[in-house]
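Thanks for making time this morning. I would like to walk you through one model, starting from the whole chain and ending with a few single residues.

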Amino acid sequence: TDARVLITGENGTGKELVARAIHRLSPRAERTFVEVNCAAIPTELIESELFGHLKGSFTGAHEDRAGKFEAADGGTLFLDEIGDMSHAAQAKVLRALEEGVVTRVGGSKPIRVDVRVLAATNKDLQEEIRAGHFREDLFYRLNVIPLHVPPLRERREDIPMLVQHFAATAVREAGLAPKRFSSEALERLQRMDWPGNVRELRNTVERLLILASGDTITAADVELLVSGQSAGGALSGDLLAARTFAEFKEAAERAFILQKLRENDWNVSETARLLDMPRSNLYKKIERYALVRED
């Protein structure tokens with residue numbers, strides 16, 4: 001079917017993945033899939049982005065340019081964060097849906113397009129309509145098939161499958177070493193709340209693949225690298241306080257080495273052997289992170 005679909009759900013729930021799956025399973029699968037994040041484009045540029053423009057139609061328009069509707073002709077156009085679109089752009093999108101034509105900014109010639117539109121939002125569009133921020137007629141045009149993506153905390157049974165998928169993807173696309181997730185690690189991940197939903201889970205899987213030692217990711221790795229606590233609960237809040245990934249990685253390495261030294265009663269040679277690390281390198285890291293044995 002070419003029916004329009006309105007996908008709703010919290011940030012990070014995987015609305016884009018759902019849209020791509022809908023396209024992949026549709027008769028338009030062999031044609032282009034074009035995504036537009038309406039919240040990421042300045043209001044004054046959204047119309048040009050969607051419908052194109054003619055040379056000289058505004059400052060910076062140095063040449064004619066096709067918009068996303070034309071680029072998606074014959075395929076699927078995914079309007080992400082549709083609730084953030086300006087009223088002027090909403091009116092033009094409504095016309096495109098009703099008549100199947102678009103007009104470039106600065107032009108008057110209608111251009112016919114054959115596009116299936118999928119839209120997504122994390123907002124309550126009914127509330128946005130009542131507040132006067134979203135057109136009711138556009139809502140009904142988009143909401144032919146409503147599809148709500150629940151947050152990850154409401155579908156915890158999906159987490160093991162998603163972990164395996166994201167791990168395989170990271171290994172294939174980022175060249176990371178393959179690692180197995182123990183059943184205890186998966187159970188620990190299932191118990192977490194995931195306020196960032198699927199997006200947060202994907203980032204966490206990549207983090208564990210990069211920072212966990214050994215071929216198997218354990219529940220202790222999850223505690224250390226995700227929850228911000230060692231098995232003994234002695235880790236400080238440095239991990240969670242990190243502002244960048246580089247800071248996080250450094251804090252995680254420091255916490256990991258400190259924990260391993262404690263487990264081996266600060267026997268540097270044994271710790272280096274278990275970590276498969278030259279002893280000289282371990283001494284350098286001890287010095288770099290100013291690690292000292294507690295009394």
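What you have on the screen is a predicted model, in which local features need pLDDT of at least 70 and side-chain atom pairs count only at pLDDT 80 or more, while totals for chains, interfaces and linings use all residues. Residues are numbered from 1 along each chain as its sequence is written, and side-chain values use heavy atoms, with hydrogens and water left out.

Let me start with confidence, where pLDDT is the predictor's confidence in each residue, on a scale from 0 to 100. The protein chain averages a pLDDT of 88, and 94% of the residues score at least 70. The stretch to treat with care is residues 229–237, where pLDDT stays under 50 and where the model has eleven contacts beyond four places in sequence; by contact I mean heavy atoms within 4.5 Å. Where pLDDT is low, the predicted coordinates should not be read in detail.

Now the overall form. The protein chain has 14 helices and nine strands, and these are DSSP runs numbered from the N terminus, with helices being H or I over at least four residues and strands being E over at least two. The radius of gyration is 25 Å, well over the 19 Å that the globule rule gives for 295 residues, so the chain is more spread out than a compact globule; that radius is taken over C-alpha atoms, and the rule is 2.2 Å times the number of residues to the power 0.38. Along the principal axes, the C-alpha atoms fill a box of roughly 80 × 45 × 40 Å. Of the 295 residues, 44% count as buried, where buried means under 20% relative accessible area, exposed means over 50%, and partly exposed is in between, using a 1.4 Å probe and protein chains only. Among contacts between residues at least 6 apart in sequence, 68% join residues at least 24 apart.

Going through the pairs, β3 (residues 76–80) and β6 (residues 116–121) are joined in the parallel sense over four bridges, and Leu77 has Val117 as its bridge partner in β6. Strand β1 pairs with β6 over four bridges, again in the parallel sense, with Thr8 bridged to Thr121 of β6. On β7, β1 likewise has four parallel bridges, and there Leu6 is partnered by Pro146.

Helix α1 (residues 15–24) has Lys15, Ala19, Ile22 and His23 buried. Seen down the axis of α1, these buried residues fall within an arc of 100 degrees, so they line one face of the helix; the arc is that of the directions from the helix axis to the C-beta atoms. They pack against β1 (5–8), β2, β3, β6 and β7.

Finally, some single positions. His133 sits in the loop between α5 (125–130) and α6 (136–142) and, at 45% relative accessibility, counts as partly exposed. Beyond its neighbours within four places in sequence, His133 is in contact with His87, Gln90 and Glu128.

Is Thr271, by contrast, buried or exposed? Thr271, in helix α13 (residues 268–275), counts as buried at 0% relative accessibility. Setting aside neighbours within four places in sequence, Thr271 is in contact with Lys260, Leu261, Asn264 and Leu282.

Asp276, in the loop between α13 and α14 (279–288), has a phi near 55 degrees, a positive value in a residue other than glycine, and is exposed at 72% relative accessible area. Ala290, in the segment after α14, also has a phi near 55 degrees and counts as exposed at 53% relative accessibility. Most residues other than glycine have a negative phi, and most peptide bonds are trans.

Note on methods: Pairing = 2+ DSSP bridges.
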